[in-house]
Amino acid sequence: MHGELSIFALGGIGEVVAGDDLAGLILAAAGAAGAGAGTLLRDGDILAVTSKIVSKAEGRVRAASDREQAITDETVRSKAEGRVRAASDREQAITDETVRVVATRAYPGGVTRIVENRQGLVMAAAGVDASNTPDGLVLLLPSQPDASARTLCAALRVRTGLRLGVIITDTAGRPWREGQTDIAIGAAGVAVIDDLRGTTDAHGRRLDVTAPAVGDEIAGAADLVKGKANGTPVAVIRGLGRLVLPLPAAEAPDAASAGADAAPTGADNGAADRGAVDRGAAVLRRPSETDMFRLGSAEAEALGYARGYAAGIAAGRAGDAEAVADVPAAAAKADLP
């Protein structure tokens, strides 16, 4: 049955610090209303976990007078991994030579930077955040959100014997829309894209492109009960067991100790039955080379002008009238940086 969905937040999870056992904290909160850990959880539940508590548990906390310094630090580190070209200096690492500054806009309080961060996510300020963090500190996103989700999911399955899924969430803006919503930046044991291609609609028409980003939909729905300042960083989503998947073999719980990775007989395994496998939330990231909007409007305009100007100068110097006429087409075909 696909018509019912319930979501509730887990209370009782206090301030998380480096080294904390997240699975233990979550299960303690889930057991608060019953006789033992996990009493509020059921087979097929999906847990939406705010990235901040994952970052805190993993020690992804930095001392900084403001988050701009941490953003710069993260971009400089990304340079060593080949994600950005050599920058002129630390302070200008984002706005100067980086290949993945999408857009930069000045505002009265500073500069908004939309960049691709080390995790491959395109976000404002590289996902660096100072909210819900003690003064003088900022939080970086988990370094490997999918790996963090797999570790947490495996621990929860082992300790409860339940077939659970985990989605790590963070808040992001959206092109063409005002406001922000939560998205899935890490996932384990969950199909984050419900690929319906090849199936038919209610009128028997074949679906050729329909693939709902259910991971992001779950993250956004969970934020309605988690909130931003309620001290409830984990929500339980019930009714989407059809999206819960076995973990990859390397992370799957020992069947002898848990028996939770296989779906029970008669379970509604829509995604799994269609061949879905756990690939984490990374599959939701659109590669920059296929992104039709990989640059902000002002950046794209400036790039087009510069290329057109350079092509026109080159053609003019060659004295080739036909080449000058073809400048717009030549500039349009040039590869993006």
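Author: Start with a definition. Axes are lines fitted to C-alpha atoms, for helices over the stretch in contact, and angles run from 0 to 180 degrees between N-to-C directions. Also note that this is a predicted model.

Reader: How are two packed helices described?

Author: Two packed helices are described by the angle between their axes and the distance between the axes. Here, take helix α1 (residues 22–30) and helix α4 (residues 145–160). They pack at an angle of about 50 degrees, and their axes are 9 Å apart. That makes α1 oblique to α4.

Reader: What is the handedness of the crossing of α1 and α4?

Author: The crossing is right-handed.

Reader: Which residues in α1 and α4 meet?

Author: From α1 come Leu 22, Ala 23, Gly 24, Ile 26 and Leu 27. From α4 come Leu 152, Ala 155, Leu 156, Arg 159 and Thr 160. Sorted by type, the contact has seven nonpolar residues, two polar and one charged.

Reader: Now salt bridges. What is the idea?

Author: Side chains of opposite charge can pair when their charged atoms come close. In this model, a search of the whole structure finds 12 salt bridges. One of them joins Asp 43 and Arg 163, with the closest N and O atoms 3.3 Å apart.

Reader: Where in the chain do Asp 43 and Arg 163 lie?

Author: Asp 43 sits in the loop between α1 and β2. Arg 163 sits in the loop between α4 and β8 (165–174). The pair links distant parts of the chain, 120 residues apart.

Reader: Where is confidence lowest and where is it highest in the chain?

Author: Begin with the whole chain: the mean pLDDT is 78, and 72% of residues reach 70 or more. Confidence is lowest in helix α9 (residues 327–333), at a mean of 52. It is highest in strand β2 (residues 46–50), at 97. Over residues 33–38 the pLDDT is below 50. That stretch has eight contacts in the model beyond near neighbours in sequence.

Key:
Residues numbered from 1 in each chain as written. Predicted model: local features only at pLDDT ≥ 70, side-chain atom pairs only at ≥ 80, totals over all residues. Heavy atoms only, no water. Helix = DSSP H or I, 4+ residues; strand = E, 2+ residues; numbered from the N terminus. Parallel < 35°, antiparallel > 145°, perpendicular 65-115°, else oblique. Left-handed = near helix turned anticlockwise from the far one by under 90°. Contact = heavy atoms within 4.5 Å. Nonpolar A, V, L, I, M, F, W, Y, C, P; charged D, E, K, R; others polar. pLDDT = per-residue confidence, 0-100. Salt bridge = Lys/Arg side-chain N within 4 Å of Asp/Glu carboxyl O.
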